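Biologist: Before we discuss any labels, please put the model on the screen, and then let me ask what stands behind each term that you use.

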Amino acid sequence: MKRHTLTQEGFTLAEVLIVLAVIGVIAALTIPTLMSEWQSRANATKLRKFYSITAQALDLAKVKQGNLDTLDWGGAGRGGNGAALLAWFNSTFGAQMKIIESRSNENAIWYKTADGMSVFLDDFNIDSTYGINTTDTYAWYFYVDVNGNDPTIAVNPQLVGKSQFAFIYTNDRGLLPSGADNSSDCDSNEHSYACTARVLEKGTTKLD
């Protein structure tokens with residue numbers, strides 16, 4: 001009688017190492033892309049939150065104050081000293097937001113929100129490159145970095161359109177994202193504040 005023996009075949013060590021190497025290569029190629037996409041969408045979500053909270057704060061302040069005039073920067077016309085400017089901010093729409101830190105100089109305000117966003121607030125003449133149509137002469141400019149970096153363009157210009165964005169408040173239009181009426185500057189420059197409106201619309205900072 002012929003006896004049949006059962007043999008069990010497995011992977012050799014070399015085959016296992018090859019499979020692991022292939023998996024490692026695939027992971028190295030795909031994980032950075034997935035992380036980048038996740039960060040892009042996360043930044044857009046934070047931006048949407050900032051827009052909503054700031055717009056509500058301005059609306060509430062307008063109801064309580066009776067009016068918020070862009071010419072009334074600091075409560076006593078344009079300009080003034082830093083202490084008076086900060087006191088004005090903290091008593092108007094700043095009082096409607098959860099702010100953990102704020103400071104000012106004679107012309108501008110910097111503050112940090114409870115959820116870690118850094119904001120630089122300034123006022124100056126209407127700039128057409130921001131893509132907002134208005135009949136006003138002056139506006140308040142909110143520069144925000146949703147990840148808490150320094151939001152001034154001179155410090156981190158490569159972050160503009162990625163984690164840094166701009167909003168403009170005017171008397172006739174309220175708070176609008178840069179590029180709301182004209183985002184053509186975003187076509188030729190991905191690091192443009194005019195990309196803000198597109199990021200909100202698409203839900204990601206990847207606009208290509």
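Biologist: Which residues is Ser-178 in contact with, once its neighbours within four places in sequence are left aside?

Modeller: Ser-178 is in contact with Tyr-130, Ala-166, Phe-167, Ile-168, Tyr-193, Ala-194, Thr-196 and Ala-197, with neighbours within four places in sequence left aside, where contact means heavy atoms within 4.5 Å. This is a predicted model, in which local features need pLDDT of at least 70 and side-chain atom pairs count only at pLDDT 80 or more, whereas totals for chains, interfaces and linings use all residues. Residues are numbered from 1 along each chain as its sequence is written, and side-chain values use heavy atoms, with hydrogens and water left out.

Biologist: Why is Ser-178 called buried?

Modeller: Buried means under 20% relative accessible area, exposed over 50%, and partly exposed in between, with a 1.4 Å probe and protein chains only; the relative accessible area of Ser-178 is 0%, and therefore this residue counts as buried. Ser-178 lies in the loop between strand 6 (174-177) and helix 3 (185-188), where helices (H or I, at least four residues) and strands (E, at least two) are DSSP runs numbered from the N terminus. A polar atom of the Ser-178 side chain lies 3.1 Å from the backbone oxygen of Tyr-193.

Biologist: What makes Cys-186 and Cys-195 a disulfide?

Modeller: The term requires a pair of cysteine sulfur atoms within 2.5 Å, and the sulfur atoms of Cys-186 and Cys-195 are 2.0 Å apart, forming a disulfide. A search of the whole structure finds 1 disulfide.

Biologist: Why is the disulfide of Cys-186 and Cys-195 called right-handed, and why does Cys-186 count as buried?

Modeller: The torsion about the S-S bond of Cys-186 and Cys-195 is about 105°, so the disulfide is right-handed. Cys-186 counts as buried because its relative accessibility is 7%, and Cys-195 is buried with a relative accessible area of 0%.

Biologist: Turning to helix 2, how do you know that its buried residues line one face?

Modeller: The buried residues of helix 2 (residues 82-91) are Gly-82, Leu-85, Leu-86, Trp-88 and Phe-89. Seen down the axis of helix 2, these buried residues fall within an arc of 160°, taken over the directions from the helix axis to the C-beta atoms, so they line one face. They pack against strand 1 (99-104), strand 2 (109-113), strand 3 (118-125) and strand 4 (138-145).

Biologist: Why is Ala-87 called partly exposed?

Modeller: Ala-87, which lies in helix 2, has a relative accessibility of 44%, and so counts as partly exposed.

Biologist: What makes a set of residues a nonpolar core, and which have the most contacts inside the largest one?

Modeller: A nonpolar core is a set of buried Ala, Val, Leu, Ile, Met, Phe, Trp, Tyr and Cys residues joined through side-chain atoms within 4.5 Å. The largest such core has 28 residues, and those with the most contacts inside it are Phe-89, Phe-93, Trp-140, Phe-142 and Val-144. Its largest share, 6 residues, comes from helix 1.

Notes
A polar contact is a pair of N or O atoms within 3.5 Å; within protein, one must be able to donate a hydrogen and the other to accept it, and residues adjacent in sequence count only if both atoms are side-chain atoms.
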